[in-house]
Amino acid sequence: MRRTALLAAAAALAVTGVVAPATAAAAKPPPGSQGAVRSLADDPAQRAAAAADQAVASGLDDLRVSPNETYRRTAVTPGGGMYYVTYERAYKGLPIVGGDAVVVTDSNGRVRDTEAASGALPLGVPTSPAVTAETATSTAKTVLSRVDDTAAPRLVVLAWGGKPRLAWEALVSGIADGKPSIQHVFVDATTGEIADSYDQVKAGTGNGYYYGTVTINTSGSGSSYSMTDSTRSGLRCGGQNGSAYTGTDDSWGNGSGTNLETACVDALYSVQREWDMLRDWLGRNGINGSGGGFPTRVGLADVNAYWNGSYTNFGHSQDNARQATPIDVVAHEFGHAIFQTTPGAAGSGNENGGINEGTGDIFGALTEAYANNPNDPPDYQVGEEVNLVGDGPIRYMYNPSLAGDPNCYSSSIPSTEVHSAAGPLNHWFYLLAEGSSPGGGKPSSPICSGGPSSVTGIGIQKAGKIYMGALQRKTSTWKYVNVRTASLAAAVELYGASSPECAATKAAWSAAGVPAQSNEASCSSSGNDFSLSLNPTAGTVTPGQSVTATVATSTSSGSAQTVSLSASGLPSGATASFSPSSVTSGGSSTLTVSTSASTPAGTYTVTVTGSGSSGSHTASYTLTVSGTSGGRTFTNGTDYTINDLTTITSPITSTATGTAVSPVKLSITISHTCAEDLRIRLQGPNGTWYTVKSSGGLSCTSFGTRTYSVPVTQTAAGTWTLEVRDQYTYDTGYLDSWSITV
């Protein structure tokens, strides 16, 4: 049968609460084998992944989602003694843009932190577009003045903004405002309006500074050489055609500011120093965190430099006397690559874009300090060597207002141009690294209204470690307040809650005008904390019955503490109890959720809260109460993913008395683009199977909601099981709900 694959992406996702491994290799050796036990014990990355998967499955803290949502693990990245496990999220099989999450664990597999870009989505988000993909692409093209290329749009749930919506994500490339542009445009799939967009090309400005005779890593031998780094994967430099420059010897450039081979010497020297700085100072493996880097092009016919998501590109100064390849400019552009390849990638809006630009400036300052080249002494000015248009440095990190940029965070930042919106982040980093009055010839830095009287710096290397730790917690919806909480969590992780580094991180943010948040690390004398999880994370009851789950706690840092347990979100007529009601972290309790005969049918999210001296943590339990109507109709509203060539079963427990009325009535709602793929059967309480629907047909139709009458000879009470088998490939979906009247 020839069919489309509208929901094929769902095949790669785990069922709700279960996380799919990032690669097939991650699933080997077979579970339960001696090899698996040894592998988990020997490999801290596997311990980290297993702990993070459990945290996701239990809905720990910020990770709880609705029954319609699934997580998929995408990467496990080490750094600074920690492991950062990243996840993507889907809603009824559709990718959620703004649904990413990060779980931080230590090398022993203990969960230390969780970050999620957004909370659980409401159940009513539509999944069927009213606007065609072709119309969405046409609308997306309007953001460019010249369109050179487009890609087929994908249907997503856009979680950025106040209300989640179904959208087409279209990719269009060309020219905008006279500059290269690769735009991700989100077109509302219901109204056809542009809901959001962001430019993959992150433009900067720079300097064609020449570093004299330097050593750079290249490749080749004999009489054939290339400006390709043989020791750092992905790094190479050449002209606008993307190919690396080659030569008959390993001597490059002539020292001229207009010579492009010389520009590549500067560029390779700079990014190689950045690579080494990331390794030696911040514990990051390469530009992308997994041992890889990106190419560089020089000779851009523009007074500019940029990162476009795949490579960096450098132009020249306005007087065309120098190429834009000094350390801080090169490291700035590769800083955008670091921002893109840390969790959450690049988000949307001027505030997120300002953080992205500030990140580039921070990595420029870090690399300049690491290189400590006498031709370009370390400082906190951006592009100070270029004199791009005759006005000196482009930005001043210690006092952004010197270039007309804001020193302090305010409500106007979300509407401020992105390079200016970097001001508060640059200001914070300088205050953290050097302090407000560092002395020694370094400039003083102002303090914003309401901030502390002074800030004592901790040094640029420690400041860089803290910011790198914050970046590893980034989500796609990052704002300044999120950077504050993430950097404080990183400071506690690296140096402890009672450390001067934690106190300086907090003080520097207050001095830059970013307000304190209720969920941020306290930087107190106590470094104690705990985690909370549930097993199982879901259960189904009929009214009047009860279910149980184990509430497990562990001491994630410091000393054990008393954790008091409570529950909220219960349906009417239901109660929750804990035995015992409080535990010492490391202990466990049994949660019992009891329903009454009047508890209404439905699916509910019960939030279990553990409160201790260090704060509170939560975990989610999905409670499904089977419905009754006149005492004879029962419903299961739990979603079950239907993958190709697989079988799912969904049970309903009937409390009706006597013999079931024949035929029983079924109402089945399935989201699937080819009903002809599906075979459906019903099993009665005595074990007898009945065919509801056979598979097969010459074309495909959407399933939707269908009703069936099934002759049976059964008692009414007991478990009725609906079985759905997908007999063919390509089309996938999910069972939304079903009910039976007996």
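In the predicted model, K442 is partly exposed, with a relative accessible area of 42%. The side chain of K442 forms a salt bridge with E434, and the closest N and O atoms of the two residues are 2.8 Å apart. E434, by contrast, is buried: its relative accessible area is 14%, and the limit for a buried residue is under 20%.

A second salt bridge is formed by the side chains of E501 and K462, with an N to O distance of 2.6 Å. This pair links distant parts of the chain, as E501 belongs to helix α11 (residues 500–511) and K462 to helix α9 (residues 460–471), 39 residues apart. E501 counts as buried because its relative accessibility is 10%, whereas K462 has a relative accessible area of 32% and is therefore partly exposed.

The side chains of D188 and R165 meet at 2.9 Å, N to O. D188 has a relative accessibility of 7% and so counts as buried; R165, at 27%, is partly exposed.

Side chains of opposite charge can pair when their charged atoms come close. The structure holds 25 salt bridges. In the protein as a whole there are 42 positive and 56 negative side chains, and a distance of 10 Å separates the centres of the two sets.

With regard to the overall fold, the protein contains eleven helices and 37 strands. The C-alpha trace spans about 95 × 65 × 55 Å along its principal axes. The radius of gyration is 29 Å, which agrees with the value near 27 Å that a compact globule of 742 residues would have. Of the 742 residues, 52% count as buried. Among contacts with a separation of 6 or more, 66% are accounted for by residues 24 or more positions apart. The protein exposes about 28000 Å², of which carbon and sulfur atoms supply 49%.

Technical notes. Residues are numbered from 1 along each chain as its sequence is written. This is a predicted model: local features need pLDDT of at least 70, side-chain atom pairs count only at pLDDT 80 or more; totals for chains, interfaces and linings use all residues. Side-chain values use heavy atoms; hydrogens and water are left out. Helices (H or I, at least four residues) and strands (E, at least two) are DSSP runs, numbered from the N terminus. The radius of gyration is taken over C-alpha atoms; the globule rule is 2.2 Å times the number of residues to the power 0.38. Buried means under 20% relative accessible area, exposed over 50%, partly exposed in between (1.4 Å probe, protein chains only). Contact means heavy atoms within 4.5 Å. Accessible areas come from the Shrake-Rupley method with a 1.4 Å probe; for residues, only the protein chains shown count as cover. Lys and Arg count as positive and Asp and Glu as negative; His and the chain ends are not counted. The place of a charge is taken as NZ of Lys, CZ of Arg, CG of Asp or CD of Glu. A salt bridge is a side-chain nitrogen of Lys or Arg within 4 Å of a carboxyl oxygen of Asp or Glu.
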